[in-house]
Amino acid sequence: QVQLVESGGGLVQAGGSLRLSCAASGIIFSINAMGWFRQDPGKQREVVASVTSFGITDYADSVKDRFTISRDNVKNTIYLQMNNLKPYDTAVYYCFVDSRPSYSSSFSRFWGQGTQVTVSS
């Protein structure tokens with residue numbers, strides 16, 4: 001089993017910045033992709049950003065040029081630097097990891113508990 005611990009959410013004014021962290025621990029042989037989703041009540045869940053084990057990143061169009069995802073493979077941790085935040089970025093942000101417990105196992109996706117990001121206008 002894999003546990004994900006998120007931190008860094010909070011309340012910020014529009015134009016401000018926040019940095020989210022997500023640390024994975026547990027029975028981990030290898031990790032493939034890691035990333036972030038977000039969901040606001042009444043809206044669909046949206047993928048925000050992801051990064052592969054090779055460092056290839058992908059972003060939602062709505063956050064390109066404002067958010068940066070990075071990864072520390074030694075610490076099994078990812079970060080999401082969010083700059084120039086806008087009110088529509090308000091949501092609960094969930095991190096995920098695709099990991100496997102052994103070489104012969106398949107990858108499974110695990111989720112964090114979510115962290116609230118609120119951007120005031």
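**View 1. The structure's 1 disulfide**. A disulfide here is a pair of cysteine sulfur atoms within 2.5 Å, and Cys 22 and Cys 95 make the link with S to S at 2.0 Å. Keep in mind that this is a predicted model: local features need pLDDT of at least 70, side-chain atom pairs count only at pLDDT 80 or more, and totals for chains, interfaces and linings use all residues. Residues are numbered from 1 along each chain as its sequence is written, and side-chain values use heavy atoms, with hydrogens and water left out. The link of Cys 22 and Cys 95 is right-handed, with 50 degrees about the S-S bond. It connects distant parts of the chain: Cys 22 sits in strand β3 and Cys 95 in strand β9 (residues 91–100), 73 residues apart. Helices (H or I, at least four residues) and strands (E, at least two) are DSSP runs, numbered from the N terminus. Cys 22 and Cys 95 are both buried. For burial, the cut-offs are under 20% relative accessible area for buried, over 50% for exposed, and partly exposed in between (1.4 Å probe, protein chains only).

**View 2. An open sheet of 4 strands**. Walk across the sheet and you meet the strands in the order β1-β3-β8-β7, with antiparallel pairing. The edges are β1 and β7 (67–72), each of which pairs on one side only. From one strand to the next, the twist averages 15 degrees. For that angle, axes are lines fitted to C-alpha atoms, for helices over the stretch in contact, and angles run from 0 to 180 degrees between N-to-C directions. Two strands count as a pair if DSSP finds at least two bridges between them.

**View 3. Strand β3 and its partners β1 and β8**. On one pairing, 6 bridges join β1 (residues 2–7) to β3 (residues 18–26), and the two run antiparallel. To find your place, look for Val 5, whose bridge partner in β3 is Ala 23, or for Gln 3, which has Ser 25 as its bridge partner in β3. On the other pairing, 6 bridges join β3 to β8 (residues 77–82), again antiparallel. Here Arg 19 stands opposite Gln 81 in β8.

**View 4. Arg 38, a buried arginine**. Arg 38 belongs to strand β4 (residues 30–39). Its relative accessible area is 4%, so it counts as buried. The Arg 38 side chain makes a polar contact of 2.8 Å with the side chain of Glu 46 and another of 2.9 Å with that of Tyr 93. A polar contact is a pair of N or O atoms within 3.5 Å; within protein, one must be able to donate a hydrogen and the other to accept it, and residues adjacent in sequence count only if both atoms are side-chain atoms. Leaving aside neighbours within four places in sequence, Arg 38 is in contact (heavy atoms within 4.5 Å) with residues including Gln 44, Val 48, Ser 62, Phe 67, Tyr 88 and Val 92.

**View 5. Asp 89 and its salt bridges to Arg 38 and Arg 66**. A salt bridge is a side-chain nitrogen of Lys or Arg within 4 Å of a carboxyl oxygen of Asp or Glu, and the whole structure has 6 of them. Side chains of opposite charge can pair when their charged atoms come close. Between Asp 89 and Arg 38, the closest N and O atoms are 2.9 Å apart. Asp 89 lies in the loop between β8 and β9 and Arg 38 in β4, so this pair ties together parts that are 51 residues apart in sequence. For Asp 89, the relative accessible area is 0%, so this residue is buried. With Arg 66, the closest N and O atoms of Asp 89 are 2.7 Å apart. This pair also links distant parts of the chain, with Asp 89 in its β8–β9 loop and Arg 66 in the loop between β6 (57–59) and β7, 23 residues apart. Arg 66 is buried too, at 9% relative accessible area. Salt bridges that share partners join Arg 38, Glu 46, Arg 66 and Asp 89 into one network.

**View 6. The salt bridge of Lys 64 and Asp 61**. The closest N and O atoms of this pair are 3.2 Å apart. Lys 64 has 40% relative accessibility, so it counts as partly exposed, and Asp 61 has 65%, so it counts as exposed.
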